[in-house]
Every structure is written in C-alpha cells, then in structure tokens.
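Hello,

Here is the structure I said I would pass on. My notes on it follow below.

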Amino acid sequence: MNDRRTQGVMLLAVGATALWLGVSSAALSYVSSALRLPLAVSGLVLLTVALATLWPRQAAPDDDGHGHGEHGPRSGWLLVEGRWLPEPP
C-alpha cells in the first residue's frame, strides 16, 4: 500500500467517524448539540477529499509511469510555521 492510498484510507476513516458522530446522538457526550451540523459537514468534506485521493489518476502523456516526477507531501513548511505562533500566557 503506497502513501497516497494510506492517506486516503485514513481520511475515509476519520471522515466517516465525523459524519457518524454528526448525524447520530453519540456526539452529544463530547460536544454541544449546536456543533452537530458543523461536525457532519466536516465529515462530508473529509469523505469527499478521501474519495478524490483514492480516485485513480491518469498518468501524464510524457510520464513513463515510474513516478520520477512525483514528490511526497510538501508539508515541511508547517514545521517552520510553528515558530511564528505566539506562546500561550
């Protein structure tokens, strides 16, 4: 299983859980009833992103299919971004 599929499966699991908690009364033990709708909407968004991640992509015409041009997730800037957050009092 490659990284893209693993990310898609994790998004699918978290999105399904958020959607289930948003539409059922199980979430009332953890959040107020006013947050059920945003929880359900965020679950739908995560499920949509998961399906888009798991959808098979077409290779570019000049691509030889070996994935030489594909890079991993570019989230290293998030590590640097934490330096600018203010410290809590």
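The chain has 3 helices and 0 strands, in the order α-α-α along the sequence. Please keep in mind that this is a predicted model. Of the 89 residues in the chain, 12% are buried.

I looked at how helix 1 and helix 2 pack. In general, two packed helices are described by the angle between their axes and the distance between the axes. Helix 1 covers residues 3-23 and helix 2 covers residues 36-54. Their axes come within 7 Å and cross at roughly 160 degrees. An angle over 145 degrees counts as roughly antiparallel, so that is how helix 1 and helix 2 lie to each other. The crossing of these two helices is left-handed. The residues of the contact between helix 1 and helix 2 comprise 17 nonpolar, 5 polar and 3 charged ones.

Next, helix 2 by itself. Its 19 residues should span 27 Å at 1.5 Å a residue, and this agrees with its end C-alpha atoms, which are 27 Å apart.

Which residues of helix 2 are buried? They are Ala40, Gly43, Leu47, Ala50 and Thr53. These residues cover an arc of only 140 degrees around the axis, so they sit on the same side of helix 2. As background, an α-helix has 3.6 residues a turn, so residues three or four places apart point the same way. On the other side of helix 2, the exposed residues are Leu37, Thr48 and Ala52.

Regards

Note on methods. Residues are numbered from 1 along each chain as its sequence is written. This is a predicted model: local features need pLDDT of at least 70, side-chain atom pairs count only at pLDDT 80 or more; totals for chains, interfaces and linings use all residues. Side-chain values use heavy atoms; hydrogens and water are left out. Axes are lines fitted to C-alpha atoms, for helices over the stretch in contact, and angles run from 0 to 180 degrees between N-to-C directions. Helices (H or I, at least four residues) and strands (E, at least two) are DSSP runs, numbered from the N terminus. Angles under 35 degrees count as roughly parallel, over 145 as roughly antiparallel, 65 to 115 as roughly perpendicular and the rest as oblique. A crossing is left-handed if the near helix is turned anticlockwise from the far one by less than a right angle, and right-handed if clockwise. Ala, Val, Leu, Ile, Met, Phe, Trp, Tyr, Cys and Pro count as nonpolar, Asp, Glu, Lys and Arg as charged, and the others, Gly among them, as polar. The expected span of a helix is 1.5 Å times one less than its number of residues. Buried means under 20% relative accessible area, exposed over 50%, partly exposed in between (1.4 Å probe, protein chains only). The arc is that of the directions from the helix axis to the C-beta atoms.
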